[in-house]
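This report describes selected features of a single protein chain.

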Amino acid sequence: MEYEYSTFRREADVHNRCCGGWLWCIRDICGIICAILTWLLILYAEFVVMCVMLLPSPYPLYSTVNSLIFQIFAFLAFASHLRTMFTDPGAVPKGNATKEMIQQMGFREGQVIFKCQKCCSIKPERAHHCSVCQRCIRKMDHHCPWVNNCVGENNQKYFVLFTFYIAVISVHALFLAINQFVICIRHEWKECTYYSPPATVVFLLFLIFEALLFAIFTAVMLGTQLQAIWNDETGIEQLKKEEARWVKKSRWKSIQAVFGRFSLAWFSPFTRPPPKSKLESYLYSV
């Protein structure tokens, strides 16, 4: 029994991990395509902003300041996307709903224990099963194909930062593209860019369409995430209209649970969310 259980655990972990188990990675074709498409769209915006608009600009100060701003936020958006994609969102170990494990976890006799029939795991409070990740995810908000991962307890901060920074660079790119049209119309088209007028118009129009679309989409997602955090209620819980069986945190405590104590680290994709209690880490670590 112990041999079968350990073998099952090992096979389950390989499914969602790569690089020798160091990185969390979902092998979902749709999600991988969406993630690559996200990177390509960011790179396209980089190309148009830098090569079509800012580098050929006759205004050095305007070009330098906007290049610096765009590069910083684009880098933060890309880093936030990678952290969201390759961070374990809070997966519950597969196959831990055994008699030995239940006894080891110290549950009281007669205590109600929820078991997931799909991944044979003990479901913590507020965990939900994801059919794509094939795991139960703690505080699962939703599965997002654009990051090829679930948004859950461990990576919600990174997802919020990703939507925030994408919205910022989208608005910035929209401003630059419209301003570029104004500059080119006032001056000779050949003097405002390295490319021909027809090519420049196509580049700018596609960038405006992309920036407008993603500015609206990510702003809505950002607002939805912040509202869910503010109310201490995940997207799935709102959708299913689940009755709150957990003790809801105050609004400020709920925000701190995701981002930590207020500091500049809130805006950094390189700082981890606040650590969970040692008991939770022991009970439900992968």
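## Basis and overall composition

Helices (H or I, at least four residues) and strands (E, at least two) are taken as DSSP runs and numbered from the N terminus. The structure under discussion is a predicted model.

On that basis, the protein chain contains 10 helices and 8 strands. Of its 286 residues, 48% are buried.

## Loop residues with positive phi

Arg126 is placed in the loop that links strand 4 (121-122) to strand 5 (127-130). Its phi is near 75°, a positive value in a residue other than glycine. Arg126 has a relative accessible area of 10%, and because buried means under 20%, Arg126 is classed as buried.

Lys139 is found in the loop between strand 6 (135-138) and strand 7 (142-144). Although Lys139 is not a glycine, its phi is positive, at about 50°. With a relative accessible area of 18%, Lys139 is also buried.

## Packing of helix 2 and helix 3

Two packed helices are described by the angle between their axes and the distance between the axes. For helix 2 (residues 29-54) and helix 3 (residues 60-86), the axes come within 11 Å and cross at roughly 175°. Helix 2 is therefore roughly antiparallel to helix 3, since angles over 145 degrees are assigned to that class.

On the helix 2 side, the contact is formed by Ala35, Thr38, Trp39, Ile42, Ala45, Glu46, Val49, Met50 and Leu54. The residues they meet in helix 3 are Tyr62, Ser63, Asn66, Ser67, Phe70, Gln71, Ala74, Phe78, His81, Leu82 and Met85. Sorted by class, this contact of helix 2 with helix 3 comprises 13 nonpolar, 6 polar and 1 charged residues.

## Cysteines

How many disulfides does a search of the whole structure find? The search returns 0 disulfides. Cys116 is in no disulfide, and the nearest cysteine sulfur, that of Cys136, lies 3.5 Å away.

Cys116 counts as buried, at 5% relative accessibility. Cys18 likewise counts as buried, at 19% relative accessibility.

Asn155 occupies the loop between strand 8 (149-151) and helix 5 (156-186). Is Asn155 buried or exposed? Its relative accessible area is 0%, and Asn155 is buried.

The side chain of Asn155 reaches the backbone oxygen of Thr84 at 3.2 Å. When neighbours within four places in sequence are left aside, Asn155 is in contact with Thr84, Thr87, Pro89, Asn149 and Cys150.

## Leu226 and Ile255

Leu226 belongs to helix 7 (residues 197-230). At 40% relative accessibility, Leu226 counts as partly exposed. Leu226 and Ile255 are separated by 29 residues in sequence, while their C-alpha atoms are 8.5 Å apart in space.

Note on methods: Residues are numbered from 1 along each chain as its sequence is written. This is a predicted model: local features need pLDDT of at least 70, side-chain atom pairs count only at pLDDT 80 or more; totals for chains, interfaces and linings use all residues. Side-chain values use heavy atoms; hydrogens and water are left out. Axes are lines fitted to C-alpha atoms, for helices over the stretch in contact, and angles run from 0 to 180 degrees between N-to-C directions. Angles under 35 degrees count as roughly parallel, over 145 as roughly antiparallel, 65 to 115 as roughly perpendicular and the rest as oblique. Contact means heavy atoms within 4.5 Å. Ala, Val, Leu, Ile, Met, Phe, Trp, Tyr, Cys and Pro count as nonpolar, Asp, Glu, Lys and Arg as charged, and the others, Gly among them, as polar. A disulfide is a pair of cysteine sulfur atoms within 2.5 Å. Buried means under 20% relative accessible area, exposed over 50%, partly exposed in between (1.4 Å probe, protein chains only). A polar contact is a pair of N or O atoms within 3.5 Å; within protein, one must be able to donate a hydrogen and the other to accept it, and residues adjacent in sequence count only if both atoms are side-chain atoms.
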